[in-house]
Amino acid sequence: MSSKAFNLTRGERVFSIANYVVLTIIVIATVYPFLNVLAISFNDSVDTVRGGIYLWPREFTLENYETIFGYKSLLTGFKISILRTVIGTVLGLLSASMLAYVLSRPDFRSSKFLSTFLALTMYFSGGMVPIYILFRDLNLLGTFAVYVLPGIVSAFNVFVIRSFMDGLPYALQESAKLDGANDFKIFYKIILPLCKPVLATIALFLAVGQWNSWFDTYLYNGNKPSLTTLQYELMKILDSTQQGSAMTNANDLANKMAQVSPESIKMAITIVVTVPILVVYPFLQRYFVGGMTLGAVKS
Amino acid sequence: METLTAAQASQTKKRPKKTKTNKRSFLKDLIQQKYLYLMSIPFVIWLFVFNYYPIWGWTMAFQNYKPARTFGEQEWVGFDNFVRLFHDDQFYLVLRNTLAMSGMGLVAGLIFPILFAVLLNEVKSMPFKRITQTISYLPHFVSWVVVAGIVTSLLSLDGIVNDILMWLHLIDEPIQIMAKEHWFWGVVTGSDIWKETGWNAIIYLAAITGIDKELYEAARVDGAGRFRQIWNITLPGIRSTIMVLFVMNIGHLLATGYEKQMLLGNDLVSDYSQVLDLYALDYGIKIAHFSYGTAISMFTSVVSILLLFTANGLFKKFAKESIM
Amino acid sequence: MKLRSTQSLSLLTLSGVLLLSACSSNNNNDEAAGNSASEAPSTSSASASADSGAMDTTPITFSFFGADASPNWNNMQDEIGKVITEKTGVTINAEYDIASGGGENKIALMAASGQYPDIIFAKGELGKLVDAGAIIDLTDLIDKYAPNLKKLIGENTNRLKYSLDDQSIYSIPTNGGVDQQYFDATGGFEVQLRVLEELGYPEIKTVQDFENVLKEYVAKHPTTDGQPTIPLLLNADDWKSMITVTNPAFIATGAPDDGEYYVDPTTYEAKLHYKRPEEREYFKWLNHMYNEGLLDKDTFVQKDDQYQAKIASGRVLGLISQEWEYGNAENALKAAGKHEYTYGHFPVTLNDQYQDHELVSAGIDFSGISITTANKDPIRTIKFLDWLASDEGQVLLNWGIEGVHYNVENGKRVIPADVLDKKVNDNSNFMKTTGIGLYTTFSMHYGDGVQDSTGNYYTTNFPDQIIASYSDAEKAALKGYNATTWKDLWPTDLPVKEWGALYNMQAPTDGDYQVIYQKTQDIIRKSIPKAILAKPEEFDKTYDQFLADLDKAGAEKMESIYTGLVKNRVKLFTGKDIQ
């Protein structure tokens, strides 16, 4: 790495500059929607209707956030959301990495059956009703377990991790085996530490998925105030007319419109649900941006 | 370069040809690899219970399902729902739109994130790299409602896109871009790229960090430039991740969701904006025709699985690798 | 190979069984608490039926599901919620639908799994539960235990019945007020107050008048605050197009709101309202407005927020909408003190042959509250619902607690200024803490303008309030038309519709009906904009094609099914014998 300073050719320099320019343009283009949401969330909700808020609030206010935090159920929701995110992510990582390791072993006999069995689950679902009835029969309705247990295995995550493991030198495992380590130990002691970048990525996917989901709360735990999640509580505040096309009752629509949250509150909700995840991000990011040298681990 | 081919060789070497199996050797394997089985069988059971067992719900597609009745009381109608589906002109329309948009999305969703990840990887300044990466993934968390609003105003008659085109004298008067049916697929794909590229690049970035840095050192010693390094080391290094994602996404060609199409679309472009998932919602669940909805999702599943096997087969044939 | 798979299969099933039993033993307790909350002490129901006079106030909890969102629901920890519990012993454990609303998903799952709450507000999904045998007939319960409900129902028992074939009463209509009077009109066609003033309060009765006014003003003032003036703006973003584009077609041609249908008042034949020749003329007029450049070019492309922003900028002269639809934008104008940029309402029709029927009454015909078979104590439940419908209950739900939320001065109920201020300016917090407005779904109630035995209104809305809420600019405009409210411009004394409100009629989910309906909806949504945007000489061709497409999709069959339903409804409601 230290050799780069004297190594730059003219072409390299052009490439570098062009690269910085392109990436800067991408940053500008992609930062806009979020800043826009942020600006609107701090703008007076009546004033927002006039439009034309871009990067900066026109009439600054904290009222939108005060309104949101005025809902007491948010705190319970927040706790449950964190709990499900942590537990769901840990369980999901465990299952996906174990399965990925098993599949990455070329000498595993049932790997074709297992990978097909897994892959198919990505493309079908029995549908809402049978799943609901299954959960009822397993007594999962109205429990915390319904958030983390049914989705423990995600085939997508398994295959992504396996593709990473496939790229690791196989020789590492063989030498460990010669040293008398069993398969679980090899997985745990040798493979897992090498997989940090991909595990961090999958952890991010799992955490965001868990954090953002509200539909399971809605279907299975809506009548359990002690088990509702932050997202679900915020969905309650959100407008209820987005898909009103099925309704033809003008009176009802009028009543509902009175309950519609103003744009600014919606944006503040977006910020409230996104920020906790953004806080986690830097901790995971160093694994897949920082870069790690395999060589160091190898020796 | 030599190190690279060596790495590739070690990859192919990894899968020794299996000899013909019989019962005894299976039992022996079972004992020998007991940890591997212990690490996988619980999850197989799990998947069976939570994913495979509820498939009995597919029987609904062959019934005139009524939520109120028990399984035994349902009326069986054979393939009626499928016959109706395949005779509906609108089904073919939404199928066309779905395939067009997801096909475009598949290609764009492959090229742009990879390109972005590769470019990012070439950045030497760590703070710049981290900031760029963090910011680029933010739009993923902004809902489609907001993004659709922004896109619509950018593309409106007095929006910035028309202003730029006018300024460049490419057009004489503003164009109502969102009213053009034929441009709708492009608008959806473009918005998708804008919103998801940074997020989708994360996986490739992680894969890139798995590439042995010694390979780059060696290439540099050989005098390879940046493009050569990208082409000969970075891309081959993440090939297996690219292929796995590509194959899995091919299987998802029919499952596009409907949110972005609905929010970006309007009544003028509905012939090009309606997709299969919305059709299933409108003509299935929303009007309590659960059987019809199930028939559609069964069709989607079967086609998805066929696509998956085809893609995987081709992958296996040409790349000598396979996800299954 | 074969052996291997059977082996693994048996292994799999075995552990599957283990897993299942483990799970079920774990969570049994949770389940019982979660589903049916009516764990009433068994003594309570016995004593309740014994003496129907005194109120049983032993604590009891009812689980409830509401198909509409109610974001301010506070688990009865609000002020009037506590009073309700204190007086009736009842706690409601409520769950409300969210997001898309309407209860579709949740109620489908309830019907499929048999997991019902004790009480339910099912709205359009009631039919699914009735089919599932989940709803109990309330006829006898109301008769025996609910004197207050009986008083409210009055002569309208027929209107509560489910259908001609099944004359049970499955729900108590709570989603609207009995004998509701409208104090103001908030629909019709809208014209900016500054336009009215400058043109000297011209007569605006027909679409031609409306067009002339807009044309004249925009010619004089082509720009507003430096931006181009927009003569007419509609909103076609998703379902809003129904409010501002398609519904006005029947409003302007003298038909009442029967959803997508028009019902002939003499033969009770129902047809899609678009098929009426006069509505074709209406759309032709819109087409003319577009081609004249009076209707905004962005109409069918813009999103709701862009539409609202244009109105809020003050440069839109005319609208065809309902006040609640553009209310956010109007509030922004009011907040900026631009009262002359807000709108007046006019009952505009296609020509002077027609009378605006927006204010016609549909009579008692609302969705309401039902008791399910899971309810362990229906008698206690009906008594609870009856108490809420008593004068005491209604006043509590509407006005709140005496001495806290209102005072009685000289026999009149008055809301103190500080309470009123909170109610107007911080309504969601006000609802959350007081509970006023949260319980109306549970209670059958009188509407605005009905007085109780003390001469006070049941609700907190009355005519003086409406007038007090007008801005000076609005008052001046009304004076220009010799009116005190916009309603004065509307025709009144229209006969009550015999078929009630058709959007509450359960359409058959069986067979083709719903599919055809959905298809016609798709056709309408894409054809109407096409017709409006067509070149004037191509309008007729486009509209003919639209009508042909509707019939090709099976509209006639759908209409004949619907006609049958409407006729049955009229028979049920009025006892008339119709062919």
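In the predicted model, helix 5 (residues 89-121) and helix 15 (residues 276-283) of chain B pack with their axes coming within 8 Å and crossing at roughly 145°. Helix 5 of chain B contributes B:Q90, B:F91, B:V94, B:L95 and B:T98 to this contact, and helix 15 of chain B contributes B:L276, B:Y279 and B:Y283. By class, six residues of the contact between helix 5 and helix 15 of chain B are nonpolar and two are polar, with no charged residues.

The axes of helix 2 (residues 10-41) of chain A and helix 11 (residues 226-237) of chain B come within 9 Å, with a crossing angle of roughly 70°. Because of this angle, helix 2 of chain A is roughly perpendicular to helix 11 of chain B. On the chain A side, A:E12, A:F15 and A:S16 of helix 2 are in contact with B:R226, B:F227 and B:I230 of helix 11 of chain B. The residues of this contact between helix 2 of chain A and helix 11 of chain B comprise three nonpolar, one polar and two charged.

For the interface of chain B and chain A, the count is one salt bridge. Polar contacts between chain B and chain A number 19 residue pairs, with both residues at pLDDT 80 or more. On the side of chain B that touches chain A, helix 3 (residues 34-52) of chain B gives the most, with 14 residues. That side of chain B divides into 57 nonpolar, 25 polar and 16 charged residues. In total, 98 residues from chain B and 105 residues from chain A take part in the contact. The area buried between chain B and chain A is about 9200 Å², and carbon and sulfur atoms give 69% of this area.

Chain B also has an interface with chain C, to which chain C gives 37 residues and chain B gives 40 residues. About 3300 Å² is buried between chain C and chain B, with 60% given by carbon and sulfur atoms. Three salt bridges are found across the interface of chain C and chain B. One of the salt bridges pairs C:R525 with B:D267, with the closest N and O atoms 3.3 Å apart. Polar contacts between chain C and chain B number 10 residue pairs, with both residues at pLDDT 80 or more. On the side of chain C that touches chain B, helix 1 (2-35), helix 4 (104-113), helix 5 (126-131) and helix 21 (513-533) of chain C each supply at least two residues. The side of chain C that touches chain B consists of 15 nonpolar, 10 polar and 12 charged residues.

Methods:
Residues numbered from 1 in each chain as written. Chains lettered and ligands numbered in written order. Predicted model: local features only at pLDDT ≥ 70, side-chain atom pairs only at ≥ 80, totals over all residues. Heavy atoms only, no water. Axes fitted to C-alpha atoms, helices over the stretch in contact; angles between N-to-C directions. Helix = DSSP H or I, 4+ residues; strand = E, 2+ residues; numbered from the N terminus. Parallel < 35°, antiparallel > 145°, perpendicular 65-115°, else oblique. Contact = heavy atoms within 4.5 Å. Nonpolar A, V, L, I, M, F, W, Y, C, P; charged D, E, K, R; others polar. Buried area = accessible area lost by both parts, 1.4 Å probe. Salt bridge = Lys/Arg side-chain N within 4 Å of Asp/Glu carboxyl O. Polar contact = N/O pair within 3.5 Å; in protein donor to acceptor, adjacent residues only side chain to side chain.
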